[in-house]
Amino acid sequence: MVRSSYTLTKFVSIVTLGLIILFCRLPVLAQDKVQLSVDTTKPGPKIDRNIFGQFAEHLGYGVYEGIWVGPDSKIPNTRGIRNDVVAALKALKVPNVRWPGGCFADEYHWRKGIGTRIVTLNPNWGGVIEPNTFGTHEFMDFIDQVGSQAYLSINVGSGTPQEAAEWLEYLTAAQPTTLAKERAANGHPAPYKIPMLGIGNESWDCGGNMTPEYYLRQLTIYSRFVRNLNPAQQGKDQMLKIAVGPGGGEARWTEWTDTIMKAWEKRQWSWDMQGLSMHNYTVINWENKFVSVGFGEKEYSQILKETLKMEELVNKHSAIMDKYDPQKKIALIVDEWGSWYAPLPGSNPGFLVQQNSMRDAILAALNLNIFARHADRVRGANIAQMINVLQAMIMTDKEKMVLTPTYHVFKMYLPFQDATFMPVTFNAGTYTTGDISLPRVDAIAAKDSSGKLWLELTNVDPNKPVEIEASVAGLNAQSASGETLTAPKVDSVNTFDTPNTVTPKPVNVKIQNGKLTIKLDPKSVTVVAIS
Ligand code: AHR
């Protein structure tokens with residue numbers, strides 16, 4: 001009896017203490033709910049679907065094995081192109097594929113990849129045999145199977161304007177020229193469409209180490225003579241000619257952008273361009289790159305801090321472009337971006353094989369959001385690269401295929417393709433670890449052509465959830481649903497044996513009086529549809 005009254009007293013005091021703690025914590029909990037508002041009455045520009053572009057270079061297992069297995073392979077394929085990869089990419093509605101490089105583009109001679117193939121080497125990437133089995137027709141077949149469009153990079157570094165002009169004539173001429181007849185004899189009588197053309201690649205570096213002035217001379221010549229002859233691509237559907245633009249964060253790139261844009265403003269009728277490219281990889285130390293798996297919170301936060309520099313770069317180069325092109329006629333095309341880590345142990349270092357983790361999913365979302373916020377100028381981007389190389393969507397090993405966390409982000413972002421940007425305001429404070437502080441939450445919103453509103457929310461904090469209370473001006477929100485991508489650890493990955501460690505799951509969204517409440521898991525990417 002004495003013992004049970006003692007137990008009761010102890011129970012009551014524990015409950016009381018618990019209540020006191022809860023009440024003291026309540027204001028903190030309430031404060032922790034982040035108020036976010038989307039304003040659908042002030043629509044912004046269209047988010048060009050081309051910011052979700054991909055990049056397939058002849059590098060490592062990116063093309064050979066990743067795309068091309070050959071018609072005699074046991075791996076199910078259509079005319080040599082693997083069916084599993086095509087199906088996965090089709091589901092991403094890939095808007096364009098940049099090919100054949102990269103650095104490879106400035107050593108690529110298209111004639112070696114049609115008819116009887118010429119076997120060469122790939123000196124940039126491991127010095128391996130380049131069989132040229134995957135050439136012009138195979139690439140065009142691949143993008144056709146995927147439902148995508150061609151973004152060709154022409155050879156300025158070691159080619160000639162004539163070689164590039166003839167490639168375009170071979171691809172696009174509708175009239176029966178000798179080259180058009182050769183194309184027909186090789187199986188494609190109808191002219192191909194080439195909506196995007198890159199004039200060289202990194203001409204300041206692997207593309208020939210040119211000065212801005214020297215490259216400008218090349219640009220004006222190639223722009224003049226490399227013509228798209230397809231009658232369906234004249235006028236407003238013309239091929240976008242994209243000049244080589246700046247690289248990463250160094251000061252010398254300001255001069256590059258300025259030289260090209262200044263010349264464009266004063267251009268004569270005989271040349272033009274519609275885009276300027278920019279490359280920026282997330283790398284902290286090129287000599288001693290971070291690992292792609294087996295890291296912790298420190299490396300997670302360092303890489304995310306580095307990746308956010310994309311915003312500064314876009315701002316810096318957009319400001320220079322605004323000076324010469326206030327009407328924003330020239331698109332900024334970030335046609336190489338993504339994480340670049342140390343090669344996986346045991347892999348050929350020239351093949352740029354790395355794992356793809358939850359950190360990369362967050363990194364992808366942060367970059368896509370930067371592009372969307374600058375949709376008036378950034379009208380194209382190509383993550384590097386599509387399969388088996390750097391921050392890939394897909395990894396393959398013989399007949400096996402796995403979808404990476406980055407793939408899932410691209411899939412979740414599908415509704416943002418060509419949707420109209422809507423401003424979002426919130427203050428979620430910062431996530432701090434060691435000496436690094438990052439915005440705790442990132443978000444974008446957009447309306448698709450059916451009038452549905454889409455909200456993306458990234459919780460950067462790897463340890464704490466965030467509760468969001470969202471209101472939408474100009475829309476009486478009635479229903480909402482969505483999915484979220486998170487993982488047990490910052491370096492969680494999908495492997496061939498455990499392909500579903502990082503996959504999207506439905507998220508619970510409450511809606512009351514037009515306001516949405518969503519709890520974001522730590523280190524998560526969430527996309528919600530609101531109507
Ligand atoms: O994506 C790998 C390489 O990075 C590309 O070939 C080159 O353009 C860049 O330096």
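1. Start with the surface: Val 119, Leu 121 and Ile 129 together make a nonpolar patch of about 300 Å². Ile 129 sits in strand β7, residues 128–130, and counts as exposed because its relative accessibility is 55%, with the cut-off for exposed being over 50%. Keep in mind that this is a predicted model.

2. Next, a helix pair. Two packed helices are described by the angle between their axes and the distance between the axes. For α9 (residues 309–324) and α10 (residues 358–373), the axes come within 9 Å and cross at roughly 25°. That makes α9 roughly parallel to α10, since angles under 35 degrees get that label. The crossing of α9 past α10 is right-handed.

3. On to the backbone. Most residues other than glycine have a negative phi, and most peptide bonds are trans, so the next points are worth a look on screen.

4. Which peptide bonds are cis? One runs from Trp 99 to Pro 100, with omega near 5°; Pro 100 is in the loop between β5 (97–99) and β6 (120–122). Another links Ala 384 to Gln 385, with omega near -10°, and Gln 385 is in the loop between β13 (378–384) and β14 (394–397).

5. Lys 328 isn't a glycine, yet has a positive phi of about 55°. You'll find Lys 328 in the loop between α9 and β12 (331–339), where it counts as partly exposed because its relative accessibility is 22%.

6. Lys 523, also not a glycine, has a positive phi of about 40°. Its loop joins β26 (515–520) and β27 (524–530). Is Lys 523 buried or exposed? At 7% relative accessibility, Lys 523 counts as buried, the cut-off being under 20%.

Terms used: Residues numbered from 1 in each chain as written. Predicted model: local features only at pLDDT ≥ 70, side-chain atom pairs only at ≥ 80, totals over all residues. Heavy atoms only, no water. Patch = residues over 30% accessible without salt bridge, like charges linked within 9 Å, V, L, I, M, F, W, Y side chains within 5 Å. Areas by Shrake-Rupley, 256 points an atom, 1.4 Å probe, with all protein chains shown as cover. Salt bridge = Lys/Arg side-chain N within 4 Å of Asp/Glu carboxyl O. Helix = DSSP H or I, 4+ residues; strand = E, 2+ residues; numbered from the N terminus. Buried < 20%, exposed > 50% of the residue type's maximum accessible area, 1.4 Å probe, protein only. Axes fitted to C-alpha atoms, helices over the stretch in contact; angles between N-to-C directions. Parallel < 35°, antiparallel > 145°, perpendicular 65-115°, else oblique. Left-handed = near helix turned anticlockwise from the far one by under 90°.
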